[in-house]
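Shall we go through this structure together, one question at a time? Here it is.

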Amino acid sequence: MKKKLLFICAMMTITLCACHNKSANATSDSNKVHMMTDEERNKLADDVNNLFNAPEEFQEGVKSFQENGKYGFVNEAGEIVIPAKYQAVGVFNEGLCKVTINDKDGYINHQGELVIPAIYDFTNYFSQGLAAACKDGKFGYINPRGETVIKFEYDDARDFFEPNGFAAVKKNGKEGLIDRNGKIVMPIQYESAMSTNNGVATIFDGASAISVYNDGSYKVTTYQ
């Protein structure tokens, strides 16, 4: 995981530098930079994809593997239990795993059955019986049967970490918290919000941090 974070930081730095240099070149021919070719760009995309689709540890008894550019799963004995046929995969959690088919996300079970169709632009893993998903550019939450539990109306949505906890959502550039029924717990009007973890969700707004507890109470801390 540490290697992954370092790799992400490096890629972000490279991307930001490339954008800055490209802007500079628009006004000065003296600042020459190497622009990535399509082949180099595709290789970088493949490297990133390989990094995120090759978990270092087994999850729920299986681990992804790559074969001919596709992904599947092996068990702890090294036996192939789900053939490598997916464009990308996540990790199993709560019995399901996200897979990408033709640039769309869905979910398979441990038998390799596609139990939730690949119709989403993006999905996250299941946590506390719900998964954040994106469809037609908006985020909402689905259950393990693929039913919409919280409607698709947000610009971003994060995980529920605890049964009685909250999840952070974003709309119109602002963030807030909702519960598992989709009810707004903290208004969507803050700079940033973090989902509940260990019984506490956190909202940041200017020089203040608001700690929101699972029972709905909260505490405001102001920084000088």
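What follows is a short exchange about lysine 98 and the protein around it.

This is a predicted model, in which local features need pLDDT of at least 70 and side-chain atom pairs count only at pLDDT 80 or more, while totals for chains, interfaces and linings use all residues. Residues are numbered from 1 along each chain as its sequence is written, and side-chain values use heavy atoms, with hydrogens and water left out.

Reader: Is lysine 98 buried or exposed?
Author: Buried means under 20% relative accessible area, exposed over 50% and partly exposed in between, with a 1.4 Å probe and protein chains only. Lysine 98 has a relative accessible area of 17%, so this residue is buried.

Reader: Which side chain forms a polar contact of 3.1 Å with that of lysine 98?
Author: A polar contact is a pair of N or O atoms within 3.5 Å; within protein, one must be able to donate a hydrogen and the other to accept it, and residues adjacent in sequence count only if both atoms are side-chain atoms. At 3.1 Å, the partner of lysine 98 is aspartate 105.

Reader: How much of the protein counts as buried?
Author: The protein has 224 residues. Of these, the share that counts as buried is 34%.

Reader: Which ring does lysine 135 lie over?
Author: A charge sits over a ring if NZ of Lys or CZ of Arg is within 6 Å of the ring centre and within 35 degrees of the ring normal. At 5.0 Å from the ring centre, lysine 135 lies over the face of phenylalanine 152.

Technical notes:
Helices (H or I, at least four residues) and strands (E, at least two) are DSSP runs, numbered from the N terminus.
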